Amino acid sequence: MTTSERRPLAIAGLLRADVDGIVDAWRELCRWDPMLPPQSNPPIAAALVSALADALEHPQPLGWGPDPEMEKVVGAFTLSAGSLDIAIGELVCLGESLRRRLFDRIPDAEVDETHMRLEMIIDRAIGAAAQHAAARAEMHTVIDNATGLLNRYALDRDLRREVARAQRYRRRICVLVLCVTDETTVPGFATALREGVRAGDLAYRVAGDELAAILAESDPIVGDTVVGRLEAAGAPAFTYGISAYPDDGEDPETLLEVALHRAR
């Protein structure tokens, strides 16, 4: 899209002048849409309509992705909607309510471009809603509820990534595994571990009494330093093991196995 094609369109001004009317029309359409729960009421509706007006007035070129402010508001909208299918259904209704309420007031010369811009922005809003929902879903799948640490799935994922980076950039990494003697103390120990690792390093719960940390760009002495911090903080009794790339292995599975063996 060229600079000349990104000129302001009449629909942006019409939207700004009729936010309340658009919101009412949108809510009415949502209430009667058979694909939405009865009496659906889109959240933060006025804020989303205002962000949409901004996006229509200053549209992003196609390759630039979604409008930043629109994406931010859509994230809050998706969270408030409660589920992705409801958020998408309500966004579809928003596009339809705009067409019904405003398109007969758009100059003939702008109809085609207005259709294109509106369709692109609504599509991107739906895409942003899906991304936000996916990110929240993934967060729920990688967090250990009892400790708030990342779980074994996240450890496997992140360790693969860090080993690949170490191989590419010829860096060293370490895996620290800690076994807590009394499993009832795991939640408190998890808090101590989270506070004991360096900024940027992540802590995980591997299994019942096993916790771990990936120490990027580090030698085993960094793992010893973390252990020293835990001991100085009065952490519950534990044993630990450290493995280092590439000395103890060059693949994630071997590194984790070596550290686990040394911790037992």
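Guide: Helices and strands are DSSP runs, numbered from the N terminus. A helix needs at least four residues, a strand at least two. R198, for one, sits in the loop between helix 8 (186-196) and strand 2 (202-205).

Visitor: What makes R198 partly exposed?

Guide: Its relative accessible area is 27%. Buried means under 20%, and exposed means over 50%. The value 27% falls in between, so R198 counts as partly exposed.

Visitor: Which residues does R198 touch, leaving out those up to four places away in sequence?

Guide: R198 touches L215, A216, E217, S218, V222 and R229. Take L215: it is 17 residues from R198 along the chain, yet their C-alpha atoms are separated by 8.1 Å.

Visitor: E217 is on that list. Why is E217 called exposed?

Guide: E217 has a relative accessible area of 55%. The cut-off for exposed is over 50%, so E217 passes. E217 lies in the loop between strand 3 (210-216) and helix 9 (220-232). Its phi is near 50°, a positive value in a residue other than glycine.

Visitor: Where does R170 lie, and what is its phi?

Guide: R170 lies in the loop between helix 7 (152-169) and strand 1 (173-180). Its phi is positive, about 55°, although R170 is not a glycine.

Visitor: Is R170 buried or exposed?

Guide: Its relative accessible area is 79%. That is over 50%, so R170 is exposed.

Visitor: Why are C30 and C179 called buried?

Guide: Buried means under 20% relative accessible area. C30 has 0%, so it counts as buried. C179 has 10%, so it counts as buried too.

Visitor: Which residues make the contact?

Guide: On helix 2, they are G21, I22, A25, W26, L29 and C30. Helix 5 brings E90, C93, L94, E96, S97, L98, R100, R101 and L102.

Visitor: Where is there a cis peptide bond?

Guide: The bond from Y245 to P246 is cis, with omega near 5°. P246 lies in the loop between strand 4 and helix 10 (252-263).

Visitor: How confident is the predictor in this chain?

Guide: The pLDDT averages 87, and 92% of the residues score at least 70. Among the elements, strand 4 (residues 238-245) has the highest mean, 97. Helix 1 (residues 10-17) has the lowest, 82. Over residues 1-5 the pLDDT is below 50. That stretch has seven contacts in the model beyond near neighbours in sequence. Where pLDDT is low, the predicted coordinates should not be read in detail.

Methods: Residues are numbered from 1 along each chain as its sequence is written. This is a predicted model: local features need pLDDT of at least 70, side-chain atom pairs count only at pLDDT 80 or more; totals for chains, interfaces and linings use all residues. Side-chain values use heavy atoms; hydrogens and water are left out. pLDDT is the predictor's confidence in each residue, from 0 to 100. Contact means heavy atoms within 4.5 Å. Buried means under 20% relative accessible area, exposed over 50%, partly exposed in between (1.4 Å probe, protein chains only).
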